[in-house]
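Let's take a walk through this structure together, one piece at a time. Keep the 3D view open and follow along as we go.

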Amino acid sequence: MPYRQLVADCIERFGDEAGGLLPLLHAVQEINGHIPAAAIPEIAAGMNLSQAEVQGVISFYHDFRTEPGGRHTVQICRAEACQAVGARTLEASARAALGIGYGDTTGDGAITLEPVYCLGNCACGPSVRIDDKVYARVDDERLERLLAALVSEEHAP
Amino acid sequence: MTARLWVPSDTTAAALGADELASSLAAAIAEQSLPLELMRNGSRGAFWLEPLLELERDGERLAFGPVSEDDLPSLLTALQVDPRAHPLCLGDPTEIPWLAGQSRVSFARAGLGDPLCLEHYQARHGFDGLEHALHLPPEDIVDEITASGLRGRGGAAFPAGIKWRTVLDTVAGQKYIVCNADEGDSGTFADRLLLESDPYQLIEGMVIAGLAVGASRGYIYLRSEYPRAWQVLHTALGKAEAAGFLGDDICGSGRAFHLSLRLGAGAYICGEETALLDSLEGRRGMVRSKPPVPAVAGLFGQPTLVHNVLTLAAATTILAEGAEAYAAQGSGRSRGTLTVQLAGNVRRGGLVEVPFGLSLRQLLEDFGGGTASGRPPRAVQLGGPLGAYLPESEWDTPLDYEALAARGAMLGHGGVVVFDDTVDMAQQARFAMEFCAAESCGKCTPCRIGSVRGMEVIDDLLASDSKERQLALLGDLLDTMEQGSLCAMGGLTPAPVRSALKHYPADFGLPAVEA
């Protein structure tokens, strides 16, 4: 769906909802993968807000992005409970394995790497989230296999 | 009678392979025409045993865990012949010492039934509290909450009754109930477990709160890091509404309560109640100055009761069993039960609900069973990323709000994160500042700039040969953050730093100080 149509639909859906900007932004990003910067004027007009307010909300929250991300998002938990069981090493391994830093996307557009502060799986860390699935007790070797699976899934006929 | 095989579905069980186990089991049951009905429960929170499968037959349950894919053939055979003989058989789950040693109240139902089945909920006293509340005038419901001694479970431990009374007494056309399900503290998962295992308890608690204070609308603000809880809650809300527990006419009483689910967007600060309200209003999650408190002017400027998941859920027990029964448990001014989460480098991690007053040592030894790595434990961070690091010498402090406060520590939301002797406490102190810098809302200077300066000064302290100067600077900075920040984010970030400096000076290259 072209994003203009999507934004119009979302304004229709959330325009009258009190405090509807966050649900709207989530809905746009869910379907479009990101919130195009070019859509900000339309969102602002539709939600009766200034463009600065919309831009301010998008930039405040870690979840929202105005540029396309990878086809998959890999989040490494870097909070204390996971640090206690080796997350600091795992972070370094993830960056090395993908050859990118936090917030970056691999050259083929497959994977975006992000930090996350707690996935609520703190008794069985280190925790990794790939898209909507959480993995427990992830060590370097397991991470390598999970990442390899993402890549091979991509290249499946 | 067909036996039932329960496979847990909560985030941690799933992260350990429970969904794949359920698929394999379903296929095997169909293929071999086994007399087994596959069911999905939540989780009892004994995460060290997950995936923890349970066989239910003739009203009795047998637990098996932790079960891996490789165990399935032998397990399925054993289930047909002699289940108790299987090496993974743990017997009656309620008799597993780790669970038998707990006093489950908030988590009494967790892991027993299908989280989304209303009948399962009602069969275990679900909606008893609401039933009672529907026959009481609002004043009396508030009095029950006050008499129970319930205190906020999110971290601040504020007496709930005072909040309920304030919202009730504030006149307004529209009031709100807001559930803070933005459980961002590392080492905590109690809210998530309740939402994924017993979601109707929260819904019931919020309806009771609405009836009590005169609020016809409620919001659950759930963090986006919990996709599974989102799915469960989303479905539960639909089912509760269809069954008449939400909507314009609660259980035929003619009273209305509409409940909406809202998703956060990855901002830790939105767990702070006023930042959460700003976020619900569709804005940046910025902390507000108080007063006015949200109970007087909260969401959209209206009187708003903001509580953590566990606090609202506790209202169901208090209304069902009476304030006296609730207050009868606990120690000192900490009433009811204590929910802690054993996390990090711990052998037997999970959700522990016990009477207040247990010591940290009892918790770590009796329930935790030492570190997962097998190395000596060195530090415990209590109360999330803004909580102090405690060395072994502090572990005999009883776990109640006042006793901990007297030792410069706090229970917070009950996170207990264990570290072994490989931990570098200087790096943990630095991380506290780094986390604050990443998550500060930016409204007040001590937090926004202090956290960045904090990282720099700790780096300088570690690199420096003349440590006195850097230490004086750091002390000054910590004082400024503590006294000058608008909320607990900047105000408490010094706590882990100070405790690391105090108890582990050698990690900073500092000489030991007299206690």
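Of the 157 residues in chain A, 38% count as buried. Keep in mind that what you're looking at is a predicted model. If you trace the C-alpha atoms of chain A, they span about 50 × 40 × 20 Å along the principal axes.

Now try picking out the secondary structure. Chain A has seven helices and four strands, and if you read along the sequence, they come in the pattern α-α-α-α-β-α-α-β-β-β-α. How does the chain fold back on itself? Take the contacts in chain A between residues at least 6 apart in sequence: 59% of them join residues at least 24 apart.

Next, let's see where the two chains meet. On one side there are 33 residues of chain A, and they are in contact with 46 residues of chain B. Which elements of chain A give two or more residues to this side? They are helix 2 (21-32), helix 4 (51-60), helix 5 (80-83) and strand 4 (133-135) of chain A. Helix 2 of chain A gives the largest share, with four residues.

Time to look inside. The largest nonpolar core has 210 residues. The residues with the most contacts inside this core are Val178(B), Leu194(B), Ile203(B), Val207(B), Ile208(B) and Leu305(B). Helix 10 of chain B, covering residues 199-213, supplies the largest share of the core, 10 residues.

Zoom in on one of these, Leu194(B). Leaving out residues up to four places away in sequence, Leu194(B) touches Ser106(B), Phe107(B), Ala110(B), Gln201(B), Leu202(B), Val309(B), Leu310(B) and Ala313(B).

Our last stop is Leu16(B). You'll find Leu16(B) in the loop between helix 1 (11-15) and helix 2 (18-31) of chain B. Is Leu16(B) buried or exposed? Count the other C-beta atoms within 10 Å and you get 26; a residue is buried if that count is 20 or more, so Leu16(B) is buried.

What does Leu16(B) touch, not counting residues up to four places away in sequence? In chain A, Leu16(B) touches Cys124(A) and Ala136(A), and in chain B, Glu50(B) and Pro51(B).

How values were computed. Residues are numbered from 1 along each chain as its sequence is written. Chains are lettered from A and ligands numbered from 1 in the order in which they are written. This is a predicted model: local features need pLDDT of at least 70, side-chain atom pairs count only at pLDDT 80 or more; totals for chains, interfaces and linings use all residues. A residue is buried if 20 or more other C-beta atoms lie within 10 Å of its own, exposed if 12 or fewer, and partly exposed in between; C-beta atoms are placed from the backbone. Two residues are in contact if their C-beta atoms, placed from the backbone, lie within 7 Å. A nonpolar core is a set of buried Ala, Val, Leu, Ile, Met, Phe, Trp, Tyr and Cys residues joined through C-beta atoms within 7 Å.
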